[in-house]
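Okay, thanks for coming, everyone. Let me put the sequence and the structure up, and then I'll walk you through a few things.

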Amino acid sequence: MLAAYSLLEAARVAWMPPDGALRGPIVDRLMFWNLAALCILAVVAHVWIAFAMLRRRPAGKSFPDILRWSLLAGFCVMYVWMALTAQRLWASSRFAGASLTAMQVEVVGEQFQWYFRYPGADEVFGTTRPPLVNAAAGNPLGIDPRDAHGSDDIVSSTLVLPAGREVDMRLRSLDVIHGFFIPGMRIKENTVPGLVLHIHFTPVVTGTYPILCSQVCGMGHARMQARLVVVSPTDFQAWMARRERARAKEQGQ
Amino acid sequence: MGRIFTTDHRALGVLYLYLALAAVAVGTVLSLLMRVHRVWPNAVIPFFGVMKPEDYLALVTMHGTLMIFFVLTTAPQSGFANLVLPEQIGARGMAFPRINAAAFWLTAVAFLVLISAAHITSGGAPISGWTSYPPLSALPAAGPGQGLGMDLWLVSIGVFCIAAWLSAANMLATILGERRAGMTWTRLPMTVWAWLVASILTLLAFAVLLAAVVLLFSDRHFGSSFFIPMGDMINGRVVGHGDGSPLLWLHLFWFFGHPEVYIAVLPGMGLATSLFANFTRRRVAGYRMMAGMLVAIGLLGLAVWGHHMFVSGMNPYAGTAFAMVTMAIAVPSTVEVIGWLATLWGGGLRLQTPMLFALGFLSFFIAGGLTGPLLAQPALDAYLHNTFFVVAHFHLIMAMAGVFSVFAGIYYWFPLITGRMMNETLGKLHFWISLIAAYGTFLPMHFAGLAGEPRHYDRLMGPATSFPSLIPVERGITFSALLLATAQLLFLWNVFSSAHRGRRAEANPWQATTLEWAGGAERGRIERGPYEYELPLSGNGFHPQWETASKEE
């Protein structure tokens with residue numbers, strides 16, 4: 001009864017959260033077909049076992065070898081199908097970098113906070129140096145004031161992206177390994193201290209999506225969450241202009 | 001004293017099982033605390049009060065470490081092999097009895113050190129999970145429990161590595177050198193094949209883990225920087241002065257971690273093969289193939305560690321290579337499952353408790369194994385990695401399959417150790433409740449994972465997200481887990497009452513063919529295969545390995 005209850009409740013949740021990325025439907029379709037095939041096989045195998053358990057009078061003949069080999073061949077075909085379809089998706093999303101016109105955003109993980117940095121009008125991120133990191137003084141990423149490229153960088157705790165434009169995310173971590181996970185974009189990659197990693201995707205559906213930390217990073221791991229807000233390109237322009245005005249005011253003081 | 005500091009392999013086997021029992025009892029209680037906390041996060045829990053996030057992570061870490069090292073590595077491999085391996089190959093004893101005994105005592109020491117990490121240190125147990133990724137595990141300032149608690153964890157695992165190594169070296173030497181005349185490779189019971197492969201994996205994998213643990217300890221105390229990158233900051237202080245790489249730890253750890261999974265589950269595969277033959281009264285269909293595939297799984301298992309690292313920052317081309325090798329492992333695993341299903345096909349099973357648990361093992365092996373090829377695909381794993389889907393996967397294929405094979409072994413070999421049978425009614429009740437409760441616990445986790453719920457979260461609510469639709473699911477999982485744990489009291493009662501008052505077992509109560517049931521009868525040359533059962537239609541005949549071939553023909 002308990003088991004049936006928990007399964008029924010589980011079936012009500014049933015699926016991944018709504019997808020908002022360009023490639024999302026491909027992931028979802030692959031996930032569905034893989035799970036469907038595997039579920040059917042699991043059920044068939046269990047019917048087989050139940051049948052064997054209920055069959056009181058043993059059969060005289062053993063299971064024919066030719067059937068064993070055919071079953072194995074069938075499974076191998078399935079494995080090859082799974083590997084090929086999934087590898088095509090992996091190759092197209094990870095083997096090549098983002099297009100050269102993609103928007104650049106840097107993600108920085110820190111116990112227990114995500115920061116998002118936009119390069120500003122010059123489209124170049126300013127140099128950062130760990131000793132300069134000082135969140136209380138308004139420089140959580142340690143942007144070096146001597147580097148002019150950094151003077152127009154914008155740091156945000158919310159990831160705001162325009163719909164329909166590819167984004168090239170540059171992943172870093174200041175302290176320990178974190179996991180940058182946006183379920184709604186079907187995207188996950190660790191942020192590793194000492195490494196700069198890139199992933200790219202194209203958000204297409206406007207809305208708000210949770211960003212989670214998926215790699216245990218310390219006592220605040222579960223609350224290391226942020227929001228991705230996908231807005232229309234014009235709204236994005238307006239948001240960016242607001243942020244730039246705010247920064248200019250700050251620097252003017 | 002003599003009974004405790006023994007070099008008798010069978011007594012050591014029993015000691016290993018007691019140690020695993022202690023570890024599994026603690027590990028289960030920890031998991032129940034986690035489950036209760038997830039559903040009632042504000043409940044006051046004994047010893048904890050209202051649980052803090054770091055308490056939850058400490059529970060996760062200790063649960064994983066206890067279960068993987070001290071239960072799933074010790075019981076099926078060292079425990080059962082010590083009980084019956086020398087008899088099964090017709091040896092007079094282990095090749096190195098003292099090394100063997102030393103291995104047990106080192107394991108016990110490692111266990112005590114690990115438990116002390118949780119109790120005597122001010123910061124409590126480490127919080128970085130059983131995988132202990134640096135820099136979190138390398139820097140005491142990175143979190144509570146990462147100071148002395150983490151040091152004790154490293155010492156415990158280091159000692160455990162040495163113990164596992166000694167135990168495996170002895171086992172390998174015994175299998176290679178102590179077989180009785182006539183005990184050829186094709187006459188070995190499948191359990192021995194499994195212990196052989198698992199011993200080789202232990203030697204290779206634990207050596208690398210020991211090296212990794214020593215390097216991490218050195219980073220913590222001797223100022224080296226194997227795993228800490230330049231400029232790394234903790235709490236606003238720059239601590240990274242060398243040029244280390246956290247990814248190096250991931251490679252070393254998973255080079256151990258993946259074979260470790262096979263060390264845990266291969267003995268169960270061997271035992272299930274033996275039990276299916278015995279309780280169907282059939283020969284193993286395709287013995288050479290089944291044995292060869294165990295070896296193939298072990299060898300391929302050494303080359304797939306990267307599938308734990310698809311989203312770790314590893315080169316995506318490496319992800320493709322590791323995905324292909326991982327897919328290749330599905331093939332020998334499928335051969336094994338088809339072999340078992342083919343043996344069962346004709347029906348007429350003797351559904352006694354050991355057989356039921358072997359069937360339960362098969363059920364979990366299939367249910368948990370089938371999601372393997374799915375998770376082996378980096379494109380899909382990039383969504384599922386570190387979600388509850390993975391938790392469901394490895395709890396079915398490793399934890400539940402592993403534990404059910406241990407139960408099968410205990411019900412099966414109990415008469416050999418105690419001279420008495422375990423109670424069948426209690427055993428069957430134990431089986432069915434455990435099976436249903438285990439599925440009730442772990443199947444729904446697939447859905448939580450698909451919904452995107454990450455591991456290591458102590459609450460379902462957060463600043464940006466909440467999983468309200470998952471709360472009823474979580475509640476069902478918790479109730480099932482409580483039922484699963486409670487059902488084990490039936491087993492404990494059965495073990496201890498049957499040991500004193502159980503029905504006296506006749507010699508060879510399961511009409512088995514392998515040598516541990518010979519009762520020391522004959523010590524001649526082995527002339528029989530391990531599974532010479534006749535089909536039940538032609539009478540219930542069987543030819544144990546201690547019979548000479550000429551007697552019958």
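So, which residues does B:Phe361 touch, not counting residues up to four places away in sequence? They are B:Gly268, B:Ala272, B:Ala401, B:Phe404, B:Ser405 and B:Ala408, where contact means C-beta atoms, placed from the backbone, within 7 Å.

Quick housekeeping: this is a predicted model, where local features need pLDDT of at least 70, side-chain atom pairs count only at pLDDT 80 or more, and totals for chains, interfaces and linings use all residues. Residues are numbered from 1 along each chain as its sequence is written, and chains are lettered from A and ligands numbered from 1 in the order in which they are written.

On confidence, ipTM is 0.93 and pTM 0.94. Chain B has a mean pLDDT of 92 (the predictor's confidence in each residue, from 0 to 100).

Back to B:Phe361: along with B:Leu294, B:Ala358, B:Ala401 and B:Ala408, it has the most contacts inside the largest nonpolar core, which has 249 residues. By core I mean buried Ala, Val, Leu, Ile, Met, Phe, Trp, Tyr and Cys residues joined through C-beta atoms within 7 Å; buried is 20 or more other C-beta atoms within 10 Å of a residue's own. Helix H12 of chain B, residues 388–418, gives the most, with 21 residues (helices are DSSP runs of H or I, at least four residues; strands are E, at least two).

Now chain A: 5 strands form an open, mixed sheet, ordered E3-E2-E1-E5-E8, pairing meaning at least two DSSP bridges. Its edge strands are E3 (154–156) and E8 (197–201). E1 and E2 pair antiparallel over 5 bridges, and A:Val108 stands opposite A:Tyr115 in E2.

How values were computed. A residue is buried if 20 or more other C-beta atoms lie within 10 Å of its own, exposed if 12 or fewer, and partly exposed in between; C-beta atoms are placed from the backbone. Two residues are in contact if their C-beta atoms, placed from the backbone, lie within 7 Å.
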